[in-house]
Amino acid sequence: MDGFVGFTAKPLIYYDDEASEILGGDYYRIAESFRYYLGENYAEQWVYIPAGMLTDMASIPRIVWNILPPTGKYGAAAIVHDKLCNTLQITVAGKPQTITRAKADQILGEAMEVLKVSWFKRVAISSAVALHRWVRRIDKPVISELQLKLERDWVKAIPPVYDN
């Protein structure tokens, strides 16, 4: 799996029309679970991304989408970061461990480096994320009850196929 040294798989996602309409944004559904291992490959610390999780990918303001679109080479890192922001937990030796939001943001930077995202994009995204955390004073998990319900109620199914 070249390019996914710390990931067990390349994320398989699809656009979720229903969740996007209900939550009022663009949301993607994780179709197959995967892990991101912190530090070295298959280390004792990881982030588990379950099938059914919803992600808005990289929360990048529309005004800069020409430079940094919400999806790109950093997509898998954005998914890991969304999971961390929702729970502020990693797994260490099989047990959940609480982390800070600053640590979640640091893991985003590490994951982008693993994915070989350019230095410019890593710095731009990491700086914007840190600024957002500082301005909004975020120090607790951030996920709505409605999103949690949509994730809990999801039944694994084959993504919809649209005819032209």
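**Aromatic pairs.** I searched the whole structure and got four aromatic pairs. My criterion was this: rings of Phe, Tyr and Trp (its six-membered ring) pair if their centres lie within 6.5 Å, with planes under 30 degrees apart counted as stacked, over 60 as edge-to-face and the rest as tilted. The model is predicted, so I kept local features at pLDDT of at least 70 and side-chain atom pairs at pLDDT 80 or more, while totals for chains, interfaces and linings use all residues. Residues are numbered from 1 along each chain as its sequence is written, and side-chain values use heavy atoms, with hydrogens and water left out.

One of the pairs is Phe7 with Phe34, a tilted one: 6.2 Å centre to centre, 40 degrees between the planes. Phe7 lies in the segment before strand S1 (13–15) and Phe34 in strand S3 (residues 34–37), so this pair ties together parts 27 residues apart in sequence. Strands (E, at least two residues) and helices (H or I, at least four) are DSSP runs, numbered from the N terminus. Are Phe7 and Phe34 buried or exposed? Both Phe7 and Phe34 are buried. For that I took buried as under 20% relative accessible area, exposed as over 50% and partly exposed as in between (1.4 Å probe, protein chains only).

I then looked at Tyr15 and Tyr28. Their pair is edge-to-face, at 5.4 Å centre to centre and 80 degrees between the planes. Tyr15 is in strand S1 and Tyr28 in strand S2 (residues 28–30), so the pair links parts 13 residues apart in sequence. Tyr15 has 33% relative accessibility and so counts as partly exposed. Tyr28, at 21%, also counts as partly exposed.

Phe7 and Phe34 turn up again with Tyr36: the three form one aromatic cluster.

**A charge over a ring.** Arg35 lies over the face of Trp46, 4.1 Å from the ring centre. The test asks for NZ of Lys or CZ of Arg within 6 Å of the ring centre and within 35 degrees of the ring normal.

**The three-stranded sheet.** I traced an open sheet with the order S1-S2-S5 and antiparallel pairing. Two strands pair if DSSP finds at least two bridges between them. S1 and strand S5 (54–55) are the edge strands, each pairing on one side only. S2 and S5 run antiparallel over two bridges. Here Tyr28 stands opposite Thr55 in S5.

S3 and strand S4 (residues 45–49) are joined by four bridges. Phe34 stands opposite Ile49 in S4. S4 and strand S6 (residues 89–92) pair over two bridges, in the antiparallel sense. Gln45 has Val92 in S6 as its bridge partner.
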